[in-house]
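Hi everyone, thanks for having me. Today I'd like to walk you through some charged pairs, and then a nonpolar core. Let's bring the structure up.

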Amino acid sequence: MQDIEGHRGAPGDDDVSGASGTGEPNGASGNGGTNTASGACAPENGGADGTDTTTGHHGVGADGASGDAGGNGNSGDNDDNDEGHPRRRAILVAVCAALLVIVVDNTVLNVALPSIAAAFDASTAGLQAVLDAYAVVFSGLLITAGALSDRWGRRRAMVTGLVVLGVASAAAALAWSVWWLVAMRALMGVGAALVMPATLALLVHVFPARERPRAFAVWGAVASVAMALGPVLGGALVAVWSWVGAFLINVPVVCCAVVAILRLVPESRDGRARRVDPAGASLITVGMVALTTAVILAGEGGFARLPVLVSALVALLAVGGFLRRQRRSATPMVDLSLYRDRQFAGGSAAVTIISLGTGSTLFILAQYLQLVRGLDPFEAGVASVPMAAGIVLGSLAGGRAPARIGHRLSVVAGFTGTAAGFLFLAALTPRSGFALVAVGLFLVGGGNGFAGPAVASTVLGAVPKDRAGLGSALNDTHQQFGVAFGVAALGSLLAAVYRARAPAGIPARARGSLAATLERADAHPGTGRATAEAARRAFTDAQSATMLAAAGCVAAGVTIAALVLRRDHRGAAGRPGARGGPVDAAPGGGPEETGPAEASRGATRRAVGAPDRSA
């Protein structure tokens, strides 16, 4: 039963019955990835199919309830006769302020990295860790945080998460070393994980069913704008202030959001929510962190070093312990049987591998644009806009593509475009024009945007109705971790190739990153110019090798999708639940659905990465 405090509605408890759909608005992914709206269930549940042409999202009613784009279509929660919370529009503004902080934090630091490297003499590994700490912790805790918010209270979880995020941001601005920044970014990831699952769930409670599509369209628009705004905002703050501004900007926004949420948002919780598994969450998060750490350290000095071997062993033990715990638990945090389904496993593998390729795009290009091409941080931020534009436009086209060409072909076509974009970026030289950068970024973003709806539909369409929320959360977890691991793996490749080709005769410390080499060159005017030019050429060569590797990752994902995903049966591509083809959106939750946050647990992404959201 849903316990909702401070919300005028029908007498007594809200009885959540029927089916609920889950998903995310197109383009609302935090790391440059794309999320699709889903709110559909199979026709046999008694719903009538409908399409919201203003948002491009499909919705299917269940037992008389409307399926909402990007949210839950709980047939007993805020039915059509309910007028909703009297201050629901103000609540939407407050919730979107919280969302804004989370999405911006995925991308705002990319253009500040050269300044951070100069301030702390940080190596490429240090910069990778600063970016990855947020994404890895966020993805590792996402599922558990959603279950916690269901039981503990969604408003309480959101406020707690915002406070943690704000305090960690302020502490990061006082950093005296790059490793303090890493620790505070990890703490920010904890806060973000508490906030994200509650955003959509709270909106479900305060908006009546007929108004939810518009509310979630606003939610998706804010996430898309925040994704594009992050690099530009970060560049502006660094240009007029310093890298510190990229952290302190969170503090006033968090304060305003907390005050608004406490004053406006009603508390809600779900007494039927599944239990929280702190041990399982700890194991998988430690495993993710250790694996990422091992890859980053390997890029600094090879795989045979003791810290790398220890980190790899910890990752192996932690992940193994998590899998064993899930198999033995009567109520596992993750239902491993989902991975036996060809559609779910194939789609998940494809999106993880492709996210690995796209995750490091802006991490690398921010250094190229500022340290090689000489742009200031603001100009570098503006230069990333073509990627965001590609994601938005690709999402609009990709939302309609499965009905016309099928899900598998939509995935293959979209990610083929992404691979082509990486080939353009691999052709960059120290003197390339901006047009080549813009075309490459647009293709990377547009390909992701085009394929995103079909990938999410395929993965979530393979999930049974009573596990729709879990499927959505896993989909976003795969993507977020793919982004983080991509920054680690491809960043390490970049560092290794750069060190191999860096100018001879400079100390090992100065070979750790292009910023360190340029700093040493500035300190030696006699030979500095030649050293700087050689370092920029070496970095561009390393960037080309990394972009080719990224294209290879995407090509591997395309191959998996082409070989593993089933072809839609004729006539099935456009019909949710049609036999033989994926559904156009996530299936609704059945009687065992645990509540709105369960169905919206995966709403981040992509949001929440970069491109795929810290790319």
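Let's begin in helix α20, where E533 and R536 sit 3 residues apart, so about one helical turn separates them. These two form a salt bridge, with their closest N and O atoms 3.9 Å apart. Both ends are partly exposed: E533 has a relative accessible area of 32%, and R536 has 22%. Keep in mind that this is a predicted model.

Another one joins D541 to R501, where the closest N and O atoms are 3.5 Å apart. D541 belongs to helix α20 (residues 525-564) and R501 to helix α18 (residues 468-501), so this pair ties together parts 40 residues apart in sequence. D541 is partly exposed, at 35% relative accessibility.

Then there is R325 with D277, whose side chains meet at 3.0 Å, N to O. R325 lies in helix α10 and D277 in the loop between β4 and α9, so the bridge links parts that are 48 residues apart in sequence. Here, D277 is buried, at 7%, while R325 is partly exposed, at 33%.

Now for the nonpolar side. The largest nonpolar core has 149 residues, and L109, I116, L162, L181 and W243 touch the most other members. Helix α5 (residues 178-206) gives the most to this core, with 16 residues.

How values were computed:
Residues numbered from 1 in each chain as written. Predicted model: local features only at pLDDT ≥ 70, side-chain atom pairs only at ≥ 80, totals over all residues. Heavy atoms only, no water. Core = buried A, V, L, I, M, F, W, Y, C linked by side-chain atoms within 4.5 Å. Buried < 20%, exposed > 50% of the residue type's maximum accessible area, 1.4 Å probe, protein only. Helix = DSSP H or I, 4+ residues; strand = E, 2+ residues; numbered from the N terminus. Salt bridge = Lys/Arg side-chain N within 4 Å of Asp/Glu carboxyl O.
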